[in-house]
Amino acid sequence: MKKIGIISLSDRKSGFQTGHASTRRKTNILLKGPKNVKIGIPRAFYYHSYPGLWECFFRRLGHEPVVSPPSTQATLHKASAQTETEGCLPQKLFDGHVLSLIGKVDAVFVARIISIVKKYNCCPRFGALLDATRAGIARGVPLIPIEINETVAPLSKTLMKLARTTLGADTKTAKLAVKEAIEAMAQHHREEARRQREQTPGKRYLLLGHPYTLHDHFIADPMIKKMAQLQVPVELMSFAGSRHIKPGDILWCVFNQMYHKLHELDTQTYAGVIQISTFNCGADSMMADRFRRVCRQKGVPYMLLMMDEHTGKAGLDTRLEAFVDSLSWQKTGKAS
Ligand code: SF4
């Protein structure tokens, strides 16, 4: 592995320790000079909110991005032994992904995210992620940090700063990396939109959740597979084009988008809504009731499925079967 002069940007002297004015102060330079540094990207949280972006960005700057493998029970086991017990399930999975990268890469990329949509906030856990990682499971491990706060600066500017100040790239290379990375993400979003347009016609179920729960193999895959086995079409809530969200009283960007999706749900297209929630998510428990009410007003059946580290497949299957069966009985007027 390379010997590189990396320090965690959450180092108190670096000026990156908070999301406020300190981020604008001069910071220490990380990775000055070396190319082809192995940069570990945990396949969790912000990886799913910016599909395709990070790999392209680091590769274009001459580094080697290494994305941790998809989540499994082992990812969680690994984290459970070391992580904060009160954390939500996605936080534990994130820690598991970081642990799976340690020792295999030169540095781990960890984001502190305040806002991914201007004037809308993310869960506070995202704001604490960098410090929590540095002080916890990645203590002493070189980190490459970024702070994303779209309310203060657009993503392109933040990426530019990471490329120039933190990774020491020249202006031309940095500009190209930013441009291509944003285009790579846009391409992913276009692909996702196309897949949704081409979905099999007929009524389907909407799977509602965060990008990092819907696209996590450990959390969502068992449900998606079960629905396929029941021959029920599902659509995953899409956050493509999520930078343009509708105004509303919900200032958490992801929940705002879910709310608007439900509010505008076409009852001819959707047979039901299944919200995937994860253990110890305070935000989900606050919003679930509101989502349930919107669905009730629209006359769309709604079910909340809570996933935790011990959720058994049998229990999950039974609940999905019961939900789907009860709706088909409603339609046909008889039990099968
Ligand atoms: S919104 Fe919930 S699941 Fe997501 S990071 Fe916050 S507490 Fe965890």
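Leu167 is buried because 26 other C-beta atoms lie within 10 Å; a residue counts as buried if 20 or more other C-beta atoms lie within 10 Å of its own, as exposed if 12 or fewer do, and as partly exposed in between, with C-beta atoms placed from the backbone. Leu167 is placed in the loop between α6 (155-166) and α7 (171-197). Helices (H or I, at least four residues) and strands (E, at least two) are DSSP runs, numbered from the N terminus. Although Leu167 and Leu61 are 106 residues apart along the chain, their C-alpha atoms are separated by 8.3 Å.

The model is predicted, so that local features need pLDDT of at least 70 and side-chain atom pairs count only at pLDDT 80 or more, while totals for chains, interfaces and linings use all residues. Residues are numbered from 1 along each chain as its sequence is written.

Strand β3 comprises residues 107-115 and is mostly covered, with 8 of its 9 residues buried. Strand β1 (residues 38-41) pairs with β3 in the parallel sense over 2 bridges; two strands are said to pair if DSSP finds at least two bridges between them. Ile39 stands opposite Ala107 of β3. Strand β3 is also joined by 7 bridges to strand β4 (residues 143-149), and these two run parallel. Here Phe109 has Ile144 in β4 as its bridge partner. Together with helix α5 (residues 124-135), β3 and β4 make a right-handed β-α-β unit. A crossover is termed right-handed if, with the strands pointing away from the viewer, the path from the first strand over the helix to the second runs clockwise.

Strand β5 (residues 204-208) pairs with β7 in the parallel sense over 5 bridges, and Tyr205 stands opposite Gly272 in β7. Strand β8 (residues 302-307) is joined to β7 by 6 bridges, and the two run parallel. From β7 the chain crosses through α11 to β8, in a β-α-β crossover that is right-handed. Within this pairing, Gln275 stands opposite Leu304 in β8, and Thr278 stands opposite Met307.

Asn280 counts as partly exposed because it has 17 C-beta neighbours inside 10 Å. Another positive phi in a residue other than glycine is that of Gln231, near 60°. Gln231 is found in the loop between α9 (217-229) and β6 (234-236), and counts as exposed because it has 7 C-beta neighbours inside 10 Å. Helix α9 itself has 13 residues and reaches 17 Å from its first C-alpha to its last, close to the 18 Å expected at 1.5 Å a residue; the expected span of a helix is 1.5 Å times one less than its number of residues. In α9, Phe218, Ile219, Ala220 and Met223 are buried. An α-helix has 3.6 residues a turn, so residues three or four places apart point the same way.

Helix α4 is mostly covered, with 13 of its 13 residues buried. After α4 comes Gly103, whose phi is positive, near 90°.

Which residues lie around the ligand? They are Cys88, Pro90, Gln91, Cys123, Arg125, His210, Thr278, Cys281, Gly282, Ala283 and Asp284, where a residue is near a molecule or strand if its C-beta atom, placed from the backbone, lies within 6 Å of it. By class, this shell has 5 nonpolar, 4 polar and 2 charged residues; Ala, Val, Leu, Ile, Met, Phe, Trp, Tyr, Cys and Pro count as nonpolar, Asp, Glu, Lys and Arg as charged, and the others, Gly among them, as polar. Helices α4 (89-101) and α11 (282-298) each supply at least two residues of the shell, and α11 gives the most, with 3 residues. Domain 1 (21-191) and domain 2 (199-332) each contribute at least three residues to the shell around the ligand, the domain bounds coming from an automatic or database domain assignment.
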